[in-house]
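Thanks, everyone, for making the time this morning. I would like to walk you through one model, so please have a look at it before I go on.

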Amino acid sequence: EEEFKWLLQEEVHAVLRQLQDILKEASHRFALPTSGSGGAVKQENFVLSTSGTDQVKGVMMLQGDALCQADVNLKMPRNNQLLHFAFREDKQWKLQQIQDARNHVNQAIYLLMNRDVNYQFKTGLEVLKLMDAVMLQLSRARNRLTTPATLTLPEIASSGLTKMFTPALPPDILVNFYINLNKLCLTVYQLHVMQPSTTKNFKPAGGSVLHNPGAMFEFGSQRYEVSHVHKVECVVPWLNDALVFFTVSLQLCQQLKDKISVFSSYWNYRPY
């Protein structure tokens with residue numbers, strides 16, 4: 001009983017402080033404060049490429065959760081023509097995955113800090129409920145970075161992203177940006193119009209993170225088929241840090257839950 005009381009009064013608070021410190025570090029990674037005193041989020045440049053092909057190259061400027069600049073070069077396979085398009089100067093593209101992950105981290109921090117400094121936990125169940133709530137937010141934060149949204153091709157075609165570029169994207173080009181784990185990814189789809197006289201059976205593709213050549217869809221009054229897919233990516237180091245912090249935090253939560261459960265099972269099954 002004394003040991004369990006010590007656990008509730010001392011060790012639980014030590015773990016909560018440790019979790020707060022780790023998650024504040026994770027939160028700072030998302031904010032990326034500048035080295036100056038202005039407090040603005042610093043801008044980072046990334047070159048997106050893939051080994052074995054130079055069909056697509058991209059240079060992106062990431063500022064927190066916003067892509068504030070993007071330059072994309074695309075070499076067309078048919079005629080080796082080089083297309084270049086960039087974000088309009090008045091446009092930024094918010095990466096919802098980063099925004100959501102940061103919100104979940106901040107919610108976890110709020111749960112850990114939302115009590116008086118002298119607060120004492122009365123029961124193991126109280127601690128278990130808190131750990132479950134924190135772990136839910138951390139799992140959601142991690143899942144937002146590790147599980148990109150599945151989109152249909154018409155959703156990509158009608159996305160505001162298509163209106164970000166100058167010169168405007170040709171009608172036979174689609175682009176999509178997303179986060180996958182610790183990577184910033186750009187997918188470029190080249191399309192061809194399916195003629196009404198074609199003998200191919202039209203089967204519209206469903207939602208996917210990455211559509212393959214041969215995927216078909218209808219947009220406006222036209223039917224399209226994906227002819228080529230190019231994916232380029234780069235590692236964003238601070239996203240990697242954040243994922244490590246999430247893993248360590250989830251492990252700490254689970255270890256505390258396991259200790260509480262051992263004591264709880266002892267109280268439930270002790271002889272009278």
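Predicted model: local features only at pLDDT ≥ 70, side-chain atom pairs only at ≥ 80, totals over all residues.

Let me begin with the rings, of which the structure holds seven aromatic pairs. One of them is formed by F30 and W238, whose centres are 5.7 Å apart and whose planes make an angle of 80°, an arrangement that is edge-to-face. This pair links distant parts of the chain, with F30 in helix α1, residues 2–31, and W238 in helix α5, residues 237–269, the two being 208 residues apart. Both F30 and W238 are buried. Elsewhere, F85, F87, F165 and F177 come together as one aromatic cluster.

Turning to the charges, the charged end of K122 sits over the ring of Y119, 5.5 Å from its centre, while R223 lies over the face of F202, at 4.0 Å from the ring centre.

Back in helix α1, we find F4, and it counts as buried because its relative accessibility is 11%, where the cut-off is under 20%. F4 and T123 are separated by 119 residues in sequence, yet their C-alpha atoms are 9.5 Å apart in space.

Finally, how far apart are the end C-alpha atoms of helix α3? They are 32 Å apart, which agrees with the 33 Å that its 23 residues, 124–146, should span at 1.5 Å a residue. The buried residues of α3 include G124, V127, L128, M131, V134, L138 and L145.

Definitions and conventions. Residues numbered from 1 in each chain as written. Heavy atoms only, no water. Phe/Tyr/Trp six-rings, centres within 6.5 Å; stacked < 30°, edge-to-face > 60°. Helix = DSSP H or I, 4+ residues; strand = E, 2+ residues; numbered from the N terminus. Buried < 20%, exposed > 50% of the residue type's maximum accessible area, 1.4 Å probe, protein only. Lys NZ or Arg CZ within 6 Å of the ring centre and 35° of its normal. Expected span 1.5 Å × (residues − 1).
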